[in-house]
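The sequence and the structure are shown first.

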Amino acid sequence: MNLPILSCILLCPTVALALILITPSYRINIIRLLALAASLASLILSTVLMGLFDPQDTAMQFTERLAWLPDMGINYTIGVDGLSVTFVLLAAIVLFCGIICSWAVGFRVKSFFVCLMCLATGIFGVFVSLDLFLFLSFYGIAVLPMYLLTVLWGSERKEYAGMKLVLYLLTGSALLTVGCLILYALPDSGTFDLLHIKDSLSFDRSFQDRIYPLFCLGFIILSACFPFHSWAPDGHAAAPPAAGMLHAGVLTKLGAYGIIRIGIFLFPQGAADWAGVTATLALAGILYGAAMAVRQRDLGLMIGFLNISAMGFVLLGISALNELGLNGALFQMFSHGIVAALLFACIGHLYNQCRTRNIDELGGLSSRVPALCVLFVIAGLAGLCLPGLSGFPAMLFVFWGAVNFHPFIGIAALGSLAVTAYCLFTALQRIFCGPLNPRFSELRDLPPWQFFPRAVLIAALLLFGIFPGVFINWIQPSVRSLLSS
Amino acid sequence: MLMMIWTVLLSPLAAFVVILCLPRRFRILAPAAGIAAALASLCTCGLFFLPDALKHLTEQGTCYVARWMDISDIALRGLPGLPAPVLQDIFFGLMLDPLNLAMITVIACVNFFVQLFSFTFMRRTDGCSRYFAFLSLLSFSMTGLVLSSNLLESFMFWELTGLAAYLLAGFRPEEPTAAGAGRKAFVINRTAGLGFLAGLALLFLGLGHLSLIDLCGPQALANLPAWFLTTTGLCLFLGIMGRSALMPLHVWLTEASEGPAPTAALMHSTVPAAAGIFLLVRLFPIFSASPTVLFFALAAGAVTSVCAAVLACVQPDIRRALSYAAISQLGLMVMAAGAGAPVFGFFHLITYALFMALLFLAAGILTQRHGTADMVQIAQKGVFKQSFVLFFFLFGLVSLAGIPPFGGFFSKDAILHSLSTQHPVFSVAGFVITLLTAFYSFRLFFGLTAGQSPDRESSEPGFTKIISRFALFSLALLSLLSGFAGTPLFGEKLLSWLAPHTHGIPMNPLRWGINSILIACGAAAAYIIVRIGLNRSSPMPSSPGVLQQKLSCNALYAFAINEIGFRLAAACGHLERLISNRFVGGPAWGLFRLGGLFCKLQNGLLQHYLLVVVVVLFTVTVFFLTAGGILR
């Protein structure tokens with residue numbers, strides 16, 4: 001069977017997008033079901049992809065190539081290896097859960113799902129594209145609907161947050177565009193094909209040292225790492241739940257993925273020379289995110305800052321440039337993607353019900369919404385890397401890698417987890433314990449079918465937490481070949 | 001035969017899962033599931049003491065493991081000053097040796113009786129089934145921690161015990177104090193656990209594996225530099241300090257004492273407080289590799305033990321007094337390990353776990369009957385008639401005070417022996433602790449028996465009374481027996497079985513004499529102060545302010561969090577505003593102004609446009625004229 005499986009995954013949301021566009025806007029249920037069907041199809045296909053994927057083969061698999069603008073060296077080239085295949089699965093899981101979680105959206109349903117499908121197309125596209133031009137195009141496709149989603153369906157301070165998010169992200173991708181054009185304009189180059197550039201060009205050390213920071217800076221902005229993070233807490237808190245889940249869960253991981261896929265892959269020497277700087281930035285981000293989270297009163301912002309701390313761990317693992325650290329970084333991206341999605345799914349329901357996210361106004365909710373409370377506790381525990389959930393092995397690998405890179409940086413980063421625990425448990429105590437605020441005596445708990453998407457996320461957390469070997473086996477050969485080159 | 005160890009581990013887990021999955025109508029079965037699982041564990045533990053099974057049990061231990069993670073082919077460079085480690089795959093599984101077996105048996109005993117007692121105590125509470133689920137989770141995680149064959153696995157179970165303790169301590173979420181106690185328990189244990197994790201990372205990156213059997217083997221730590229052993233040992237010890245509630249990390253345990261009585265009993269006697277001591281004994285080869293670490297442990301244990309004993313002397317609340325007493329005893333066990341005799345500490349842990357559980361359960365009944373935990377109020381309401389509960393409470397107190405021949409006597413004597421042979425200075429601390437222990441135990445003893453007025457009839461139905469009495473009676477009996485098992489009278493079977501190379505405890509009449517005199521002095525002092533104080537109806541002589549503030553530990557944390565932590569966070573907040581206002585807002589504002597400037601060009605006024613046309617025309621004309629050389 002020679003099904004072009006990656007293109008099929010990519011086509012699922014695109015076809016759904018087209019079908020939703022031609023559906024009359026009052027046919028709300030058909031629109032929702034179309035979106036759900038597309039996400040389910042992509043979930044099934046990406047599960048099949050994981051099954052067919054051969055971890056031991058470190059070359060690109062499932063590659064497809066179509067000429068697009070061959071005269072300009074631009075082709076539709078897609079493929080996955082161990083570094084990227086897990087993100088396809090992550091995106092599919094989060095998309096599926098996000099669509100079920102946004103079933104309650106009632107305002108301009110058609111436009112909402114059009115934007116969401118557009119976002120999903122962009123997200124799937126960036127992780128499979130092997131052509132820099134294609135990569136940037138898909139990124140653009142993902143960013144613009146994010147603006148609309150935030151501004152039209154968002155919550156508090158949505159215009160400000162949406163504008164900030166888009167400006168930051170476009171600045172980041174502008175830097176990347178400059179970098180890609182430089183690579184294109186090099187003598188003997190004339191192509192955007194990543195593998196071709198790697199094979200045919202050899203960069204000397206001084207060039208690598210100059211070009212690596214450009215790419216790294218662009219990707220750091222996209223991945224919301226300190227000090228270019230300030231779009232993320234605002235943006236993710238203001239976005240509607242599904243968009244927050246997809247963006248915080250998946251799209252910020254793209255920045256870190258880009259550092260690995262383009263930065264380390266093309267410029268290993270540059271990455272090694274700049275590792276000290278990126279590791280310091282990562283440590284600053286880890287501590288800074290945790291410290292900022294302590295004082296936040298808005299639950300969404302608090303989670304947003306904790307995400308920055310978590311992304312700092314990813315960058316730290318990447319900067320360590322050893323196998324443990326890189327494995328850990330990839331694992332952490334996947335695991336944190338699930339955790340962030342779960343947290344934003346819970347916050348979305350809470351905000352829908354209470355119309356506030358201020359933890360001082362909430363209180364005593366455990367008697368009204370026990371199920372939500374349980375979900376929150378599980379998500380919080382996963383966020384602070386409790387053993388048994390997938391955050392723990394991920395953090396462990398990053399930590400071991402970082403200690404191997406520099407013991408002080410590793411151990412200082414670990415300290416942030418205590419602060420994270422303090423923040424999350426203070427928030428949980430304020431929100432769910434104590435006397436019930438009479439204003440919230442009419443709250444309704446999650447309807448039973450809304451458990452399903454959250455249970456899927458929790459199952460993923462448990463599976464990879466108890467059997468992390470499964471995940472490590474997927475990524476390790478590719479990581480090794482990346483580092484040995 | 002030894003494979004049956006899986007039953008001990010998995011039956012509480014099964015109970016946890018079953019209880020969580022019970023439909024609402026069958027919630028009433030939750031206690032039955034929990035108790036059945038605990039009984040299964042206990043019986044399996046008992047089976048291992050049959051001669052048949054004991055034969056198979058070797059000193060090195062038997063392992064049943066499976067590969068958890070496949071990382072052996074990862075190449076790393078070494079830590080500074082160390083050779084590159086050869087990583088080994090991480091195997092998880094169970095290990096069984098005499099130390100483990102003794103520990104899980106004690107845990108299974110305490111757990112079974114506490115569950116039995118919980119049935120009588122908690123069955124009318126809201127969320128009773130949830131409570132039993134958490135109890136089973138706690139017992140599962142503690143058993144896993146004890147039986148782990150890999151240090152990383154121990155750590156995972158260790159964190160799970162922290163979670164279970166959080167859930168149990170914060171069991172009634174609507175009570176603010178309960179939620180606060182749970183949070184404190186989790187955050188402190190988490191912070192200390194991170195120290196442990198850092199120690200694990202150093203060990204792993206230094207040696208390449210974390211297998212317990214290899215780590216504790218004779219040659220495991222040879223050729224490692226002293227700084228590495230000291231740093232690793234201190235990091236690991238930080239974790240143990242948090243878990244065993246050594247000062248200043250003890251605050252969570254005293255708050256947990258105000259939770260439901262069975263929870264408090266479990267948390268003080270076995271999980272998680274005893275987990276720290278167990279790991280200290282288990283990892284003793286690592287700690288003993290560095291004299292600095294051992295001395296630190298000795299000093300930390302001594303400070304904790306003395307301070308907590310002093311605090312226990314002034315607590316009006318019987319649960320708090322017991323809690324400080326427990327911390328003091330835990331400190332004593334750490335001292336034993338610091339003096340190089342971890343087995344004696346472990347022996348004390350066994351007797352301690354049994355009588356401490358007894359004390360907390362009995363205190364729970366007293367507190368529940370009288371609606372208060374204040375010693376004087378209970379005494380005034382008249383406690384005499386509840387002779388059965390009171391009898392066991394007093395039994396526990398006497399064991400705690402260490403009067404021969406009760407359990408606490410022999411184990412405490414072993415610790416004093418090791419202190420006096422290794423560190424004469426610290427043996428003075430040991431004797432001070434003996435005196436203080438006698439004082440606070442007898443203070444409770446005389447305080448509670450001082451009451452005169454008649455008791456009300458208890459309204460409990462007969463069968464629950466029998467169950468709770470059975471639990472108390474069994475615990476008392478076991479604590480009495482366990483003390484004897486380690487004595488010279490029984491040929492020191494227990495100690496030589498746990499650690500074959502231990503020297504016995506010589507009978508030292510001088511030490512016994514000093515001990516007895518000190519205990520008598522403590523008891524006499526308690527009698528004088530309490531009885532005379534009560535008779536004068538000014539119940540207790542007021543204690544110094546420092547002690548009332550509990551040595552200001554809570555204030556210390558409040559200061560650290562509010563003054564230092566929040567200030568730092570506020571500084572970060574300023575930085576955040578600086579970033580978004582100056583570095584991002586600044587350029588944005590500049591662009592905005594630039595746009596405003598260009599706006600002026602298109603303000604719609606015809607005169608302005610005309611002016612621009614004239615100016616441009618003039619400039620162009622002048623330029624060309626100059627260029628053409630006409631205007632010179």
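In which sense, left-handed or right-handed, does H13(A) pass H18(A)? The crossing is right-handed, a term for a near helix turned clockwise from the far one by less than a right angle, anticlockwise being left-handed. The model is predicted, so local features need pLDDT of at least 70 and side-chain atom pairs pLDDT 80 or more, while totals for chains, interfaces and linings use all residues. Residues are numbered from 1 along each chain as its sequence is written, chains are lettered from A in the order in which they are written, and side-chain values use heavy atoms, without hydrogens and water.

**Helix packing**

Two packed helices are described by the angle between their axes and the distance between the axes. Helices are DSSP runs (H or I, at least four residues) numbered from the N terminus; axes are lines fitted to C-alpha atoms over the stretch in contact, with angles from 0 to 180 degrees between N-to-C directions.

| Helix | Partner | Angle | Axis distance |
|---|---|---|---|
| H13(A), residues 323-354 | H18(A), residues 468-484 | roughly 130 degrees | within 9 Å |
| H16(B), residues 342-370 | H19(B), residues 407-422 | about 155 degrees | 9 Å |

H16(B) is therefore roughly antiparallel to H19(B), whereas H13(A) and H18(A) are oblique to each other. Angles under 35 degrees count as roughly parallel, over 145 as roughly antiparallel, 65 to 115 as roughly perpendicular and the rest as oblique.

Contact means heavy atoms within 4.5 Å. On the H13(A) side, the residues that meet H18(A) include Leu326(A), Leu330(A), Phe331(A) and Phe334(A); their counterparts in H18(A) include Phe471(A), Ile472(A) and Val479(A). This contact comprises 11 nonpolar, two polar and two charged residues. Here Ala, Val, Leu, Ile, Met, Phe, Trp, Tyr, Cys and Pro count as nonpolar, Asp, Glu, Lys and Arg as charged, and the others, Gly among them, as polar.

H16(B) passes H19(B) in a left-handed crossing. Among the residues that meet there are Phe344(B), His348(B) and Phe355(B) from H16(B), and Phe410(B), Lys412(B) and His417(B) from H19(B). The contact of H16(B) with H19(B) has six nonpolar, eight polar and one charged residues.

**Cavities**

Nine cavities of 30 Å³ or more are found in the whole structure. The largest cavity has a volume of about 230 Å³ and is lined by 19 residues, with Leu306(A), Ala310(A), His336(A), Gly383(A) and Thr420(A) nearest its centre. A cavity is a set of points, on a 1 Å grid over the protein atoms alone, where a 1.4 Å probe fits but cannot get out; lining residues have an atom within 4 Å of a point. Volume is the space filled by probe spheres set on the points, which are joined across faces, edges and corners. H12(A) supplies the largest share of this lining, six residues. The lining of the largest cavity divides into 10 nonpolar, nine polar and no charged residues.

Terms used. Helix = DSSP H or I, 4+ residues; strand = E, 2+ residues; numbered from the N terminus. 1 Å grid on protein atoms, 1.4 Å probe; cavity = no way out; pocket = protein on both sides within 12 Å on 5 of 7 lines; lining within 4 Å.
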